Amino acid sequence: MSWKKVCEVSQVKEDFPFSANVEGKEVGVYLIGGKYYALEDICPHAYALLSQGFVDDGKVECPLHEAVFDVRTGQCLREPGGRDLQTYLTRVIDNQIQITFTAEE
């Protein structure tokens, strides 16, 4: 597995996810209940960065059309999301949040 640094731990807050472009993919990193989660950051319905949306109780709401996704699983919980989001494995090494892309992509 190849791990890629996304950001520092201090750059992610419970109410303020971090957005980054990692190897050409927009990725949002969230802190939920003390654990870091990463998922694709572009809403599949229309181009919007989900990390700029409203985050509450482990869910993120798209800032444009109110689609809702589960941050932990990527599952689309309310349309017009259109599909589930890709999630990425995370780990913290030396205060750096890293992700890996799976072979399924």
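## A serine in a loop

Ser51 sits in the loop that links strand 4 to strand 5 (54-56). Strands here are DSSP runs of E with at least two residues, helices are runs of H or I with at least four residues, and both are numbered from the N terminus. With a relative accessibility of 10%, Ser51 counts as buried. The cut-offs are these: buried means under 20% relative accessible area, exposed means over 50%, and partly exposed is in between, with a 1.4 Å probe and protein chains only.

Which residues does Ser51 contact, leaving aside its neighbours within four places in sequence? They are Pro17, Ser19, Tyr30 and Asp41. Contact means that heavy atoms lie within 4.5 Å.

## About the model

This is a predicted model, in which local features need pLDDT of at least 70 and side-chain atom pairs count only at pLDDT 80 or more, while totals for chains, interfaces and linings use all residues. Residues are numbered from 1 along each chain as its sequence is written, and side-chain values use heavy atoms, with hydrogens and water left out.

## The sheet

Strands of a sheet pair through backbone hydrogen bonds, in a parallel or an antiparallel way. In this model, 6 strands form an open sheet in the order 1-10-9-4-3-2, and the pairing is antiparallel. Strand 1 (3-8) and strand 2 (18-22) are at the edges and have a single partner strand each, so one side of each has no neighbour in the sheet. On average, neighbouring strands of this sheet are turned by 35° against each other, direction ignored. For such angles, axes are lines fitted to C-alpha atoms (for helices, over the stretch in contact), and angles between N-to-C directions run from 0 to 180 degrees.

Two strands count as paired if DSSP finds at least two bridges between them. Strand 4 (residues 35-40) and strand 9 (residues 87-93) run antiparallel and are joined by 2 bridges. Ala38 has Tyr88 of strand 9 as its bridge partner, and Leu39 is opposite Thr87 of strand 9. Strand 9 also pairs with strand 10 (residues 96-100), in the antiparallel sense, over 5 bridges. Ile93 is opposite Gln96 of strand 10. How many residues lie between strand 9 and strand 10 in their hairpin? There are 2 residues between them, and Asp94 in the turn has a positive phi of about 50°.

## Salt bridges

Side chains of opposite charge can pair when their charged atoms come close. A salt bridge is counted when a side-chain nitrogen of Lys or Arg is within 4 Å of a carboxyl oxygen of Asp or Glu. By this rule there are 6 salt bridges.

One of them joins Lys5 and Glu8, whose closest N and O atoms are 3.0 Å apart. Lys5 is partly exposed at 45% relative accessible area, and Glu8 is partly exposed at 27%. Another links the side chains of Lys59 and Asp57, at 3.5 Å from N to O. Lys59 is partly exposed at 31%, whereas Asp57 is exposed at 58%. Arg72 and Asp70 also form a salt bridge, with the closest N and O atoms 3.8 Å apart.

## Two histidines

His65 lies in the loop between strand 6 (59-61) and strand 7 (68-70), and its relative accessibility of 39% makes it partly exposed. His65 and His45 are 20 residues apart in sequence, and their C-alpha atoms are 8.3 Å apart in space. The side chains of these two histidines are joined by a polar contact of 3.2 Å. A polar contact is a pair of N or O atoms within 3.5 Å; within protein, one atom must be able to donate a hydrogen and the other to accept it, and residues adjacent in sequence count only if both atoms are side-chain atoms. Apart from neighbours within four places in sequence, His65 is in contact with His45, Ala46 and Pro80.

## Cysteines

A disulfide is a covalent bond between the sulfur atoms of two cysteines. Here the test is a pair of cysteine sulfur atoms within 2.5 Å, and a search of the whole structure finds 0 disulfides. Cys62 is in no disulfide, and the nearest cysteine sulfur, that of Cys43, is 3.8 Å away. Cys62 is buried at 2% relative accessibility, and Cys7 is buried at 1%.
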